[in-house]
Amino acid sequence: MHLRHEIWLTLEFGFFILAMNCYCVVFLLVALHFAHGDVSYTIAEEMKSGFVIGNIAKDLGLGIATLSSRKVRIDTDRDDKRYCDINLSTGDLTVSYRIDRESLCGKKANCLLKEELVLENPLELHRISIHVQDINDNAPEFSEDLISIEITESADKGARFLLTEARDADIGTNAVQRYNLQNNEHFTINVNTDVSGRKHSELVLVKELDREKEKELELVLTAVDGGSPQRSGTAIIHITVLDANDNAPVSRAGSGSAICSKTSC
Ligand SMILES: [Ca+2]
Ligand SMILES: [Ca+2]
Ligand SMILES: [Ca+2]
Ligand SMILES: [Ca+2]
């Protein structure tokens, strides 16, 4: 019994060593494929097709002859668009399709494009990370050209009226930074920034309205971003002054008809 048990133990240990060796071989093969360096580049969005992102052959220490002999290519996870390509005679990594930060990453602060450089015989993979920086290629835009507001003439000084927000597809300082209101005697503008950094504007009444003097007002509202060059968008604020019963009827002497005055009758 002892002898049989010892034989089993020896066999089990042998299998264990064999299995470990297999794992080591597999691990070594995988490690060989991925042991080569990864590269990272930073470029601005919207660069022209053919723009040189960097010399990837030099950055990875690959000879130019190797690129053709080992059929180098750029692979991507996305099967629809190939954003960059490699020039086999120079080793340059170039832009081959429009890189639009807004459509790739929306409002995300960091925009990363992941590609893979593949060499054959033996198979060799390198990850390429391209950090896409925002440029100011979008102007602030209001969802409507005309913002209509109704305000009663009895509204007190200091009354506030929230305005439609302007959108800017860019991020950071390239997004909306401030609002300007056309000079006028009745309103100023107040801008609040929420926790996400979005800016909301409101009209503030600084001088009471009088419907009997002015039934409507039109003011130009401008949203401005902080990019270079700076971009802006405008909307018209149309204010309808609603009537309040602030005038008492007055009899015109001898006529029997009534006229009135806001201050006295
Ligand atoms: Ca863009
Ligand atoms: Ca942009
Ligand atoms: Ca912008
Ligand atoms: Ca009135």
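Which residue in S16 is the bridge partner of leucine 146? The views below take up this pairing along with other parts of the chain, all of them in a predicted model.

**View 1. Overall view of the chain and its secondary structure elements.**
In this predicted model, the chain contains four helices together with 18 strands. Of the 265 residues in the chain, 17% are buried.

**View 2. The open sheet of four strands, S9-S16-S15-S12.**
Four strands are arranged in the order S9-S16-S15-S12, and the pairing within this open sheet is mixed. Strand S9, residues 146-152, and strand S12, residues 176-181, stand at the edges, and because each has a single partner strand, one side of each is left without a neighbour in the sheet. From one strand to the next, the twist averages 25°.

**View 3. Close-up of the pairing between S9 and S16.**
Strand S16 comprises residues 232-242 and is joined to S9 by seven bridges, with the two strands running parallel. The residue asked about at the outset is isoleucine 236, which in S16 is the bridge partner of leucine 146.

**View 4. The open sheet of three strands, S10-S14-S13.**
This open sheet has its three strands in the order S10-S14-S13, and the pairing is antiparallel. Its edge strands are S10, residues 160-162, and S13, residues 187-193, each of which pairs on one side only. Neighbouring strands of this sheet are turned against each other by 30° on average when direction is ignored.

**View 5. Close-up of the pairing between S13 and S14.**
Strand S14, which covers residues 199-205, runs antiparallel to S13, and seven bridges join the two strands. Within this pairing, threonine 188 has valine 204 in S14 as its bridge partner.

**View 6. Alanine 65 in helix H3 and its separation from serine 89.**
Alanine 65 has its place in helix H3, which spans residues 64-69. Is this alanine buried or exposed? Alanine 65 has 9 C-beta neighbours inside 10 Å and therefore counts as exposed, given that a residue is classed as exposed when 12 or fewer other C-beta atoms lie within 10 Å of its own. Although alanine 65 and serine 89 are 24 residues apart along the chain, their C-alpha atoms are separated by 8.3 Å.

How values were computed
Residues numbered from 1 in each chain as written. Chains lettered and ligands numbered in written order. Predicted model: local features only at pLDDT ≥ 70, side-chain atom pairs only at ≥ 80, totals over all residues. Buried ≥ 20, exposed ≤ 12 C-beta atoms within 10 Å, placed from the backbone. Pairing = 2+ DSSP bridges. Axes fitted to C-alpha atoms, helices over the stretch in contact; angles between N-to-C directions.
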